[in-house]
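Reader: I have a structure to look at and would like to go through it with you. Can we start with whatever you think is worth checking?

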Amino acid sequence: SQGSSAHFTLCQKPWECLPHFTNTVQHRLCRKLFGEWYRIRADFELSRLGKTLASEEEKEGRVVMVGEGKFHKEVFRGFCRSSGKKGYIPMKFD
């Protein structure tokens, strides 16, 4: 198994819910980086329910939104309510 790492300085932290709206190289890179970070989070949260993100997306035929947030769902997968740290929806550990 291989591990990967990414340094968020250019894009800032994913949990700051920064949208990176423009079509610049930097913002496209940040959207991809954040998209992957939130994909991993969504997969982890679904795994706690005995599901996998891949199987859920195959069943739905689309990108699955796991969280309740509506801010840029295509990138943040429902884990942000708005831009900024206060918009982030943290994981719940019950």
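Author: Start with C80: this cysteine counts as buried, at 0% relative accessibility. Keep in mind that this is a predicted model.

Reader: Which cysteine does C80 form a disulfide with?

Author: C80 pairs with C17, and their sulfur atoms are 2.0 Å apart. The torsion about that S-S bond is about -80 degrees, so the disulfide is left-handed. The pair links distant parts of the chain: C17 sits in the segment before α1 and C80 in the segment after α3 (73–76), 63 residues apart.

Reader: And C17, buried or exposed?

Author: C17 is buried, with 0% relative accessibility.

Reader: How many disulfides does the count come to?

Author: Two disulfides. One of them joins C11 to C30, S to S 2.1 Å. The C11 and C30 link is left-handed, with -85 degrees about the S-S bond. C11 lies in the segment before α1 and C30 in helix α1, so this pair ties together parts 19 residues apart in sequence. C11 counts as buried at 2% relative accessibility, and C30 is buried at 0%.

Reader: What pattern do the disulfides follow?

Author: Counting bonded cysteines along the chain, the pattern is 1-3, 2-4.

Reader: Switching topic. How many helices and strands are there?

Author: The protein chain has three helices and zero strands. The order from the N terminus is α-α-α. The radius of gyration is 13 Å, close to the 12 Å from the globule rule for 94 residues, so the chain is as compact as a globular protein of that length.

Reader: What does the C-alpha trace span along its principal axes?

Author: About 35 × 30 × 25 Å.

Reader: What share of the residues is buried?

Author: Buried residues are 33% of the 94. The chain exposes about 6,600 Å², with carbon and sulfur atoms supplying 54% of that area.

Reader: Back to single residues. What does P14 touch?

Author: Leaving out residues up to four places away in sequence, P14 touches F8, F34, W37, Y38 and F76. P14 is in the segment before α1 (25–47) and is buried, with a relative accessible area of 0%. From P14 to S47 the C-alpha distance is 21 Å, for a separation of 33 residues in sequence.

Reader: Last one, charges. How far apart are the mean positions of the positive and negative ones?

Author: They are 6 Å apart, for 17 positive and 11 negative charges.

Conventions:
Residues are numbered from 1 along each chain as its sequence is written. This is a predicted model: local features need pLDDT of at least 70, side-chain atom pairs count only at pLDDT 80 or more; totals for chains, interfaces and linings use all residues. Side-chain values use heavy atoms; hydrogens and water are left out. Helices (H or I, at least four residues) and strands (E, at least two) are DSSP runs, numbered from the N terminus. The radius of gyration is taken over C-alpha atoms; the globule rule is 2.2 Å times the number of residues to the power 0.38. Buried means under 20% relative accessible area, exposed over 50%, partly exposed in between (1.4 Å probe, protein chains only). Accessible areas come from the Shrake-Rupley method with a 1.4 Å probe; for residues, only the protein chains shown count as cover. Lys and Arg count as positive and Asp and Glu as negative; His and the chain ends are not counted. The place of a charge is taken as NZ of Lys, CZ of Arg, CG of Asp or CD of Glu. Contact means heavy atoms within 4.5 Å. A disulfide is a pair of cysteine sulfur atoms within 2.5 Å.
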